[in-house]
Amino acid sequence: MMRTPRPRRVAVRHAAALALVAALAFADAPAAAQRMRELPEDTPASCRAPAATIGDPVPLVRAAAEFRRSRRLKIVAIGSSSTAGGAASEPARAWPAQLEAALRRRLPNAEISVANMGAVRQTSAMMVARFARVVAERPDIVVWEVGTAEAVRHLDVDDFLRVVVNGIEQLAAAGIEVILVDPQYTRDTARLITFEPYLAAIARAAQMRDAAHFRRFQVMRYWVDNDQFQFDGARPAEFSRIADAAYECVGRLLAHFVIAGLRIRP
Amino acid sequence: MATAAAAAPRPTAASVPSERARDLRLDFFRGLGLILIFIDHVPDNPISNYTLISIAFCDATELFVFISGYTAALVFVGLARRAGTPFATAQVLRRCWTLYVAHIFLFVIFTAQVAWTVERLANPMFAEEMNVTGFLREPHIAVLQALSLQFQPTYMNILPLYILLMLGLAVSLAGLRWWKLLIVVGAVGPYVAVQLADLNLPTYPDGHWYFNPFAWQLLFNAGALLGVLFEVEKRDWSPPSWLVPAAAAFVVGASALRIAVNEGWLSGAAVQAIWQIADKTDMGPLRLLNFAALAIVAVALAPRDAAWVHAPWLRPIIVCGQNGLNVFCVGIFLTVIGHALVVEINPGLAPQILVTIVGTVAQIAVAYYLEWLKGRGRAAAAGGGGA
């Protein structure tokens, strides 16, 4: 109350100092965390995205141990419409099938299966209600696509966060490791739907329960921004061709992400 | 008090008491809050890394709601003392109406956006996302839900809160003058209830208000109460000597914690525990304390008669604060436009920075325009009988 120390400048300096601390900390953090390797050579140009866009891989400890022992990897993909893949020309071209194909190419001499349990218009709570059937498949990894229905319907973000955290816990209790996949991106939908709080909730849920988070939204945005894909204003004749190509890219990048997680020694 | 000068309150939408009595710090922080809210809402804005959301558990929304309560009390309780509570209540209701019209205006913009995009969204890859157009299939319901503040899609969640807070003020004006304890109980009670139980209003088609009015009213009413005590009743109070250092320590500690959370240095359980008390919808206690500590530090750093509030380069922010309501509405409108532009323009930092600068300048321009109108209105009224 007594001094007049040109407070705005003090505040600016304070903020700048904190920003510097944050920047230094940020520059330092990836050294401790794991980094993604660059994508393999045979990745089609349209699929490419900087490795950092995909997300930070999280060690898939149990799956890796099981894989080293048996050379087997069983994955269940659960999610909503974009997992079910109704937009593809045939079910074998939805991203879970593409993930399986990509993993088989990159991990030859191994027994790999990816089951698709996607179903249209499902909220995360509806998916958790189906987890008993997921667990019954005894997978090593569950790739869980979440957030679209919630963002579209503007559902409570905190409820969503709780459901996702609870879902990860249920799967972890069954010895299953989780990779979260966030919503799809295209300019038309991003303009109408506020995805940001839901993306943040997914990141937070992953952080809280040490799950991996495949940043599909960020990756697809990179594709759109760099003209690798154009989803808006496509002609109906092109719909299934574009969907096949996009799902193939998602499958390839996810395979890269899964392998990164298997390779990390915690 | 300069009541004589403002004895006949002007029936303009922006009627405020005489400017001589006005604490410019309020206008400054209110203007700053408005500009920060806009900056934080430009998607992926790198500049938002330097606003409160990266170094504190509260953000510009708290600042804006608190100062809105403080200013509203200053204006309307002051008005009630001069011209009677019924007239002041009528003026509050008039502001509610302005906000309500702005809300409906945003609904029209949102509907236009959706209708414009619905054809192009035919791509089955986005079948799920297409549900956002669902309200067009039942417009008779959607319109009613928008009119009753229950339809709150993208960016339509702040105005309903503000409308409800102002409606609350219409009810609590008398309480703020004569029964302050009643206001305290009426504000703290619902807040505590929210923290202990699930209490919120529903939205259409499902979900709850993003800004839980039962929780956020506490900040507005706290601001209103302090506004009445310090500005209308001119009470003197100096904080105990330990308060400012304690608040400063809290601010620094909270910053460190926020950075640790953002950088992922904490365990999952710790992060969960922190977010449980820093919830934005229900304005968790950590947010409330963080904001209170920041406010105490800010007031200590910026005494009432500080010379800097008169610095010409801060004038634009102060003018924004003085036309808070309208600048706020313009800010939300610019957010919608800015969001669409950033999505539309190609990648890189340039569009975000461009939209931020243009939007901020537009807010300031509108504020100056309104200020000019007010000045002309006064001159005209003084010159020849008022219109």
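Reader: Which helix axes in chain A come within 9 Å, and at what angle do they cross?
Author: In this predicted model, helix H9 (residues 157-173) of chain A and helix H11 (residues 196-208) of chain A have axes that come within 9 Å and cross at roughly 30°.

Reader: Parallel or antiparallel?
Author: Angles under 35 degrees count as roughly parallel, and H9(A) and H11(A) are therefore roughly parallel to each other. Their crossing is right-handed.

Reader: Which residues meet there?
Author: From H9(A) come A:Val157, A:Phe160, A:Leu161, A:Val164, A:Val165 and A:Ile168. H11(A) meets them with A:Pro197, A:Tyr198, A:Ala201, A:Ile202, A:Arg204, A:Ala205 and A:Met208.

Reader: Let's step back. What is the secondary structure of chain A?
Author: Chain A has 13 helices and five strands. Of its 266 residues, 49% count as buried.

Reader: And the contacts in chain A, how many join residues at least 24 apart?
Author: Taking contacts between residues at least 6 apart in sequence, 80% in chain A join residues at least 24 apart.

Reader: What about phi of A:Arg71?
Author: Phi of A:Arg71 is near 55°, a positive value in a residue other than glycine. A:Arg71 sits in the loop between helix H3 (61-70) and strand S1 (72-78) of chain A.

Reader: Is A:Arg71 buried or exposed, then, and what is the count behind that?
Author: A:Arg71 is exposed, with 12 other C-beta atoms within 10 Å. The cut-off for exposed is 12 or fewer.

Reader: And what is phi of A:Arg121?
Author: A:Arg121 is not a glycine either, and its phi is positive at about 50°. A:Arg121 is in the loop between strand S2 (111-116) and helix H6 (124-128) of chain A. With 15 other C-beta atoms within 10 Å, A:Arg121 is partly exposed.

Reader: Where does A:Asp56 lie?
Author: A:Asp56 is in the loop between helix H2 (51-54) and H3 of chain A. A:Asp56 counts as buried, with 21 C-beta neighbours inside 10 Å; the cut-off for buried is 20 or more.

Reader: How many Å separate the C-alpha atoms of A:Asp56 and A:Phe239?
Author: They are separated by 31 Å, and the two residues are 183 residues apart along the chain.

Reader: On to chain B. How many helices and strands?
Author: Chain B has 13 helices and zero strands. The radius of gyration of chain B is 22 Å, close to the 21 Å that the globule rule gives for 387 residues, so chain B is as compact as a globular protein of that length.

Reader: What box do the C-alpha atoms of chain B fill?
Author: Along the principal axes, the box is roughly 65 × 55 × 40 Å. Of the 387 residues of chain B, 45% count as buried. Among contacts in chain B between residues at least 6 apart in sequence, 76% join residues at least 24 apart.

Reader: At what angle do H5 and H7 of chain B cross?
Author: Helix H5 (residues 158-178) and helix H7 (residues 213-232) of chain B cross at roughly 45°, with axes that come within 10 Å. That makes H5(B) oblique to H7(B), and the crossing is right-handed.

Reader: Which residues meet in that one?
Author: Among them are B:Leu161, B:Leu164 and B:Gly168 in H5(B), and B:Trp216, B:Phe220 and B:Val228 in H7(B). By class, the contact has 11 nonpolar, two polar and no charged residues.

Reader: And how do H5(B) and H6 of chain B pack?
Author: H5(B) and helix H6 (residues 180-196) of chain B pack at an angle of about 130°, with their axes 6 Å apart. That makes H5(B) oblique to H6(B). B:Ser172, B:Gly175 and B:Leu176 in H5(B) meet B:Lys180, B:Leu182 and B:Ile183 in H6(B). Three of the residues in this contact are nonpolar, two polar and one charged.

Reader: Last topic. How many residues of chain B are in contact with chain A?
Author: 50 residues of chain B are in contact with 53 residues of chain A. The elements of chain B that give two or more residues to that side are helix H3 (85-118), helix H8 (243-263), helix H9 (268-276), helix H10 (285-301) and helix H12 (324-344). By class, that side of chain B has 25 nonpolar, 18 polar and seven charged residues.

Technical notes. Residues are numbered from 1 along each chain as its sequence is written. Chains are lettered from A and ligands numbered from 1 in the order in which they are written. This is a predicted model: local features need pLDDT of at least 70, side-chain atom pairs count only at pLDDT 80 or more; totals for chains, interfaces and linings use all residues. Two residues are in contact if their C-beta atoms, placed from the backbone, lie within 7 Å. Helices (H or I, at least four residues) and strands (E, at least two) are DSSP runs, numbered from the N terminus. Ala, Val, Leu, Ile, Met, Phe, Trp, Tyr, Cys and Pro count as nonpolar, Asp, Glu, Lys and Arg as charged, and the others, Gly among them, as polar. The radius of gyration is taken over C-alpha atoms; the globule rule is 2.2 Å times the number of residues to the power 0.38. Axes are lines fitted to C-alpha atoms, for helices over the stretch in contact, and angles run from 0 to 180 degrees between N-to-C directions. Angles under 35 degrees count as roughly parallel, over 145 as roughly antiparallel, 65 to 115 as roughly perpendicular and the rest as oblique. A crossing is left-handed if the near helix is turned anticlockwise from the far one by less than a right angle, and right-handed if clockwise.
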